[in-house]
Amino acid sequence: MKVLVCAKRVVDYNVKVRVKSDGSGVDIANVKMSMNPFDEIAVEEAVRLKEKGVVTEVIAVSCGVQQCQETLRTAMAIGADRAILVQTPADGPELQPLAVAKLLKALVDKEQPGLIILGKQAIDDDANQTGQMLAALADLPQATFASKVEVAGDKVDVTREVDGGLETLSLSIPAVITTDLRLNEPRYVTLPNIMKAKKKQLDTFKPEDLGVDVASKLKTLKVSEPPKRSAGIKVPDVATLVAKLKTEAKVI
C-alpha cells in the first residue's frame with residue numbers, strides 16, 4: 001500500500017513574521033523557511049507505518065515554488081521513499097486550499113495511494129481546509145485531528161480528540177487522515193539520512209500537467225498586525241472599577 005503525505009513549506013515557527021509595508025501579505029524575503037510542523041508529524045506517521053510493515057511506499061508531496069524541493073528533501077530524510085513537487089511560479093497566484101486540494105486529487109488519481117495523510121492545518125494561514133476538501137473531491141472517507149492511527153487489513157482505525165474525550169473512527173481504505181499534535185513526535189533528521197535523501201527520486205510537475213486550474217478564488221484585501229495592547233491601569237477601589245467598566249469599557 002502506498003501512502004501519499006503532504007509537506008508544506010512555511011515560515012519557520014521560531015520566526016516572528018513581518019507584514020509588508022503595503023499590507024498585501026507577509027514578508028518572507030530572507031526569512032528562514034521549514035516544513036509545516038503538522039506536516040512533519042504526518043510524514044513521521046507515514047514512515048512509522050512503513051516501519052511496521054503495513055505500508056510499502058511513502059510518497060511526499062509539496063505544492064509551491066521551486067524551493068519546496070528543500071522541504072521534500074527533508075521529508076525524504078525522515079524516511080519518505082520519493083517525492084513529487086507540483087511547481088508554481090514565484091510570481092504566480094497564491095495557492096489557496098481549494099487549489100492545493102485539486103492538485104492532490106489529481107495526484108491521488110495518478111498514484112492510487114491507500115492513505116493520504118496531511119497536517120490538520122498549516123501555521124501560515126491556519127486554514128484547516130485542505131484535507132477536508134480533498135476528501136470531498138476524491139469522495140473518500142476522512143478522519144481529522146488524528147491522535148492515533150492503526151491499520152488493519154483494508155480498514156484504518158483513527159482515534160481523535162473531541163470535547164468529550166476520545167472518539168475512534170473506523171474507515172475503509174483508501175482514506176484521508178489529518179494529524180494532530182499528539183499523534184507522534186517527529187524524529188531527529190541525521191546527516192547520513194540527509195545525504196541519502198539527495199539521491200532519492202524527486203519528480204516535478206506543473207499544475208497544467210495535471211489539468212488543474214490554480215487561479216485564486218479569494219482576494220486578500222489587507223494584511224495587518226494585531227493591534228498593540230495598551231497598558232493597564234490600577235484603580236483604588238471596586239466602585240471606581242465598576243464606574244470605568246460602565247463609562248470607558250462599556251461592558252456593563
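The questions and answers below walk through several local features of this predicted model.

Q: Which residues of helix 4 are buried, and on how many sides of the helix do they lie?
A: Helix 4 spans residues 130–138, and its buried residues are Thr 130, Gly 131, Leu 134, Ala 135 and Ala 138. An α-helix has 3.6 residues a turn, so residues three or four places apart point the same way.

Q: What covers the buried residues of helix 4?
A: The cover is made by elements from several parts of the chain, one of them being helix 3 (97–111). Strands also take part, and the cover of these buried residues includes strand 8 (115–119), strand 9 (142–152) and strand 12 (175–179).

Q: Is Thr 178 buried or exposed?
A: Thr 178 has its place in strand 12, an element that is among those covering the buried residues of helix 4. Because a residue under 20% relative accessible area counts as buried, the 1% relative accessibility of Thr 178 makes this residue buried.

Q: Which backbone nitrogen does the side chain of Thr 178 reach?
A: Leaving aside residues up to four places away in sequence, Thr 178 touches Leu 118, Gly 119, Lys 120, Gly 131, Ala 143, Thr 144, Phe 145 and Ala 146. Among these contacts is Gly 131, itself one of the buried residues of helix 4. At a distance of 3.0 Å, the side chain of Thr 178 reaches the backbone nitrogen of Phe 145.

Q: What is the phi of Asn 30?
A: Asn 30 is found in the loop between strand 4 (26–27) and strand 5, and at 86% relative accessibility it counts as exposed. Although Asn 30 is a residue other than glycine, its phi is positive, with a value near 60 degrees.

Q: Where is the cis peptide bond that involves Pro 174, and what is its omega?
A: Pro 174 has its place in the loop between strand 11 (165–172) and strand 12. The cis peptide bond joins Ile 173 and Pro 174, and omega is about 5 degrees.

Q: Which residue at the start of helix 6 has its backbone nitrogen reached by a side-chain oxygen, and which residue follows the helix?
A: At the start of helix 6 (residues 238–249), a side-chain oxygen of Asp 237 comes to within 3.3 Å of the backbone nitrogen of Ala 239. After helix 6 comes a residue with a positive phi, near 55 degrees, namely Lys 250.

Q: Which residues are closest to the centre of the second largest pocket?
A: The second largest pocket holds about 360 Å³ of space. Of the 16 residues that line the second largest pocket, those closest to its centre are Asp 12, Tyr 13, Ser 34, Met 35 and Glu 40.

Q: How many residues of each class line the second largest pocket?
A: Strand 5 (33–35), helix 1 (37–51) and helix 2 (68–78) each supply at least two residues of this lining. By class, the lining has seven nonpolar, four polar and five charged residues.

Methods: Residues are numbered from 1 along each chain as its sequence is written. This is a predicted model: local features need pLDDT of at least 70, side-chain atom pairs count only at pLDDT 80 or more; totals for chains, interfaces and linings use all residues. Side-chain values use heavy atoms; hydrogens and water are left out. A polar contact is a pair of N or O atoms within 3.5 Å; within protein, one must be able to donate a hydrogen and the other to accept it, and residues adjacent in sequence count only if both atoms are side-chain atoms. Helices (H or I, at least four residues) and strands (E, at least two) are DSSP runs, numbered from the N terminus. On a 1 Å grid over the protein atoms alone, a cavity is a set of points where a 1.4 Å probe fits but cannot get out, and a pocket is an open set with protein on both sides within 12 Å along at least five of seven lines; lining residues have an atom within 4 Å of a point. Grid points are joined across faces, edges and corners, and a volume is the space filled by probe spheres set on the points. Ala, Val, Leu, Ile, Met, Phe, Trp, Tyr, Cys and Pro count as nonpolar, Asp, Glu, Lys and Arg as charged, and the others, Gly among them, as polar. Buried means under 20% relative accessible area, exposed over 50%, partly exposed in between (1.4 Å probe, protein chains only). Contact means heavy atoms within 4.5 Å.
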